[in-house]
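Morning, everyone. I'll start with a sheet and finish with a pocket.

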Amino acid sequence: MTLSLKINGVTHQVALEDPDTPLVFVLREKLGLSGTKYSCLQGLCGACTIHLNGEAVRACQISAREAEGADLTTIEGLSEDGTHPVQQAWMEEQVAQCGWCQPGQIMQAAAFLSDAPNPSAQDIRDAMDGNICRCGTGPRILKAVARASRLQKETCQ
Amino acid sequence: MTHIRKRLSRRSFLALTGTATIAVGVGATVYSLQAETPVTGAEINAFVAITPDGEIEFVCPALDLGQGAPVALAMILAEEGGASLSQVRILPAPRDAARYGNPDFGGRMVTADSKTTLGYWSILRHAGAEVRLALIATAARQNNWRIDDCHAQDHQVYHGPSGKSVSFKDVASGGRLRLPGADGADLKATKDFSLLGTSPESPDAVAIVTGRKKFGADMRAEGTHVAVLRRSTHLGGTVTSVNDSRAKEIAGVTHIHQLEDASAIAVVATDSWAAIKGAKALEVTWNSPTEYSSKIERTALESALVTPPTDPVILRASVVADQPIAPASTFYAPSLTHVLPEPLNATVEGNSLGLGATVTSATQSLDLDMRYTAQTWKTAPFMINNKATPVGGAYGRRVFNDTVREAAEIAKAIGQPVQVIRPQLDEMQRGQVRPAAAQRIVAELDDSGNLAYWRHEIASDGTLATHLPSSLKGEQGTEDNTATDGAYHPYRCSQQDVRWIRDRALPLPGFLRGVSVGYTVWAIETTIERLARKSSQCPLEWRLRHIDDPRLATVLHQVANMVRWGEPGRNLGLATMEFRGARVATVAEVIDRNVTALWIAVDAGQVIHRKQLLGQIEGGAVWGLSMALHEGLRFRNGAADITSLADYPMISNGQLPEIKIELVEEPNRSPAGAGEIGIPATIAAICNAMEVATGDTYDALPLEA
Ligand code: FES
Ligand code: FES
C-alpha cells in the first residue's frame, strides 16, 4: 500500500508492505533519513524523537499509517546546516560524545523551547527527563537547553 | 602521485600467490587483501603522510567510540608537528597490529580500557616530531636556510634570521621530503604546547547535530539483508523445536537460519522491521530454564569468599602474623547491563570465490572482530578484511563484539551479505553483563589510629578470563586485571592480604566502564571512611597521613577547598583513588537521602582536549551516580528480570545533581586515561555521604540499607 507522508516540508509517496511499520523504520530505511535513531523501540528512551505537527513524539511508537496527513519534522529538517538555536547551543557546549542520542535530545529540546521560550531550570529538567543519554552528557544537555533559550531570544530580537 | 602503502597486504599477497588464487571478481566484490593504508600523500612514517596541498594525513589507530580519542590523538600529532589541527585529516588505520597496535594493550588494536591516549602518547609525539623535522629540513634545503634557524608552527616553517616563512604546502609541493627522523631530544617542551589543553570543535560536530553522522546501524549497502536473532529470554537457552511458518509469511522475510549451536534462530529480511516481526513470529520451544537467580548468584559469590572454588590470585601478601581480627565488612555489587544506545551490529559479506570475508562493524577492536570472523568462517585471519564504523556508545561492550560471529555464520549459510542488528532488549536480557562481585574487607587501626591490618577479598567472574585467557597477567598468569583493577589501594599498611577469587557466573561477562574499579574502590573507600570516623579522625586528614603520592595529596586538598570541607552540619562523603595514571578525589553531599552535589578534583596529567576530558569525567560521574543509586540487573528463574527498558532503572537527565570538576595541571606529565575515572570515586563518595546522613551502613549496590 502507498502512503503519503509529509516530511520536512516535502510530500513522499511511500510504498509499504506493512502500513503499521513504525515510522522510525520508514524514515531510516525507506527515505534515507537515518538521523532519527532508535535504541529501545519501546517509547522509553527518546532516541527516535521527531516532531509531529510541531510536537515531540517518538517515531518508534507511531505507525506510518498514523502519520499520514501530519506535518513531520526530523533532525534533517530542523535546519539546513545546523543553524537552529538548539543545534548552535549544542555545538557551543560541545554536548555530544558518541552522538547517537543527540538528534532525539535536540528534537525534544526544540519542541519544548518553541512551547516554553522562557523555561526555568526545573522546566528544562522536566522536559529533558525522558531522553536517555548513556554517555552521560546530561549535565551539558541541561546547559545547552538553557543556552538555546537565550540564543532563541537573541535571534527573535 | 597516489602512493598506497601495502605492507601487510604485500605479505598476504606473497602468501597467496603460492596457491595462485588471487582473483578479482567480475560484478562481485573486488577481492581485497588486508591493510591498505588510505594515505595519498608522501609518507613520513606509519602514522603520517603529507599531500602536495600540505594537508597532513593522520592514520589514526583509535576507533571513534564517541569518547573523542581520534581528535585527541590528532591533537598530539599536530602539536608536535607544528601543524594546524584544521589541516590534519583523520583516516582510520587498517587492521595491522604490528604497526598500529596499542603498546599498552599488548600490541593489539583495541580501543578500550581508558588506554588510548595513554598508550599512543609517546608514539604520536615522536611521529609528530618527525613531521616537524622533515618539513623544517626540507624547507631549509629548498631555501638555503640553516635548520637550526627554523621552527614550525601553524602549518608554516619560519626562518628566524630573515623573518620569512613558507607554508607546509609550499614545502610539500616543492619536491622530495627529507626525512631526518627524530628522537627524544627533539620533542617539544610541554611548556611550549599551544594546542594541547584547548577545546577545538570536533570535526563531526555539525554532522552530529544535523543527523548526518552515520553509525554502523545507519549503513547498509544495497542488497545487504538484515538479520535479527530470536533467543530465549532465559540464560543458556537452546532450541528444542521451531515452527517458522508464520515468520516466513511476513513480507520481506527471505531466510530463516538456526545457529549451529542452537542458541538462536536468525530471521533474515529485506528490512529491519520485517526481520524484527519475523523473529517475534517464530514459534519456538526452548530447553528449560535453570533456577538461577541473583540470590543464588550472591550466595555463591559470598561462599566463594569463604571456600574459594579456584586458587585465589594473590595481589598483595605482606601479612606476617594473624591479627586479632575485627569483623569483616561485606560489599555486594550486582550484575550490570550496558544499555547500548546504538544496537550492536555487524555486516559480513563473503568475498568472491568464497575465500574470505569483509566485516564492517560498530566495534572496539578490529583484531578481535577478525578472530571471531576467521574462526566462524573457518579461514585464515588474513583472509578477513575488517572495517570499523563510528559507534553509538561502546563502554566496553563492543570489545568482545560477538555479533560479528553471528553475522559471519548467517552470511556464510545464506551465501549473501547480511547485517545483524541486535535489538537492545535482547542484548539486555541475553547479552554480556558486568559481572556481579562479592567482597569482604577486614581492617584494623593501631593505637595511634594508623592502618595496621588490611585484608580484602574479591569474588567475581572475570571477563578476560572468560574470553581471552591469554591476556591474563600476574606472576602465575592468572590475574584478570578487569576483575582486580582498583584493588591496589594507595594507603600505607605493613600487613596486607589482597586477593581475587574467580567464581564463574552464568550470564556472559563483559567489560563495562570501570569494570571492577567501580566496586573495589567503593569497598575500599567506604571501609577507610568508616575506620576514620569510628576512631573520631577526619577522613581527609586520615587519608593524607596514609598516602605517599604527592599528586594524590594535591587532589585531596583541592577537592577539600572546593567543597569547604570541615564545615559543620553537612553530610559530606569523600573518596579518592589513582587509576590509569589519573588521581581523583571526589566529595558527595547528601541532603534528605538525595545526592545534591558532587565535587571532583582530577589530576589527569597533560590535558589534551580540555572539554572532552571534562566531558569524560562528568559522563563517568553520571554513570557513578546511576550505579550507586539505581542500577542492578536482577535474575530470576534463570532469566534477567526485565521485559522492557523500564525494568532497568538508571539516572535520568532531570535527576542530575550539580557536578563541579576542577583539574590539577603541572608541566611534564603524560596524559592519564580518562574514560572511566569519573565512576569509582563517585560511587564511594555517595555511599560515604549516605552513611553520614543516615547513620546506616550500606553493604550492597545500588545503595540499600
Ligand atoms: S527508540 Fe523510540 S523511544 Fe526508544
Ligand atoms: S552522546 Fe552517546 S548516548 Fe548520548
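Start with β1 and β2 of chain B: these two strands run antiparallel, joined by three bridges. β2(B) covers residues 48-50. One pair to click on: B:A42 has B:I50 in β2(B) as its bridge partner. Keep in mind that this is a predicted model.

Now zoom out to the whole sheet. It is open, has four strands, and its pairing is mixed. The order in chain B reads β1-β2-β3-β4. Which strands sit at the edges? They are β1 (42-45) and β4 (88-92) of chain B, each pairing on one side only. From one strand to the next, the twist averages 30°.

Next, the helices on this sheet. α2(B) packs on it and touches β2, β3 (56-60) and β4 of chain B. The directions of α2(B) and β3(B) make an angle of about 130°. α4(B) lies across β1, β2 and β3 of chain B. Relative to β1(B), α4(B) runs at about 130°.

Both helices come back in the second largest pocket. That pocket holds about 820 Å³ of space. It is lined by 50 residues, and closest to the centre are B:A112, B:D113, B:S114, B:K115 and B:T116. Which helices supply at least two lining residues each? In chain B, those are α2 (69-81), α4 (116-143), α14 (481-484) and α18 (610-629). The largest share comes from α18(B), with three residues.

Methods. Residues are numbered from 1 along each chain as its sequence is written. Chains are lettered from A and ligands numbered from 1 in the order in which they are written. This is a predicted model: local features need pLDDT of at least 70, side-chain atom pairs count only at pLDDT 80 or more; totals for chains, interfaces and linings use all residues. Side-chain values use heavy atoms; hydrogens and water are left out. On a 1 Å grid over the protein atoms alone, a cavity is a set of points where a 1.4 Å probe fits but cannot get out, and a pocket is an open set with protein on both sides within 12 Å along at least five of seven lines; lining residues have an atom within 4 Å of a point. Grid points are joined across faces, edges and corners, and a volume is the space filled by probe spheres set on the points. Two strands pair if DSSP finds at least two bridges between them. Axes are lines fitted to C-alpha atoms, for helices over the stretch in contact, and angles run from 0 to 180 degrees between N-to-C directions. Contact means heavy atoms within 4.5 Å.
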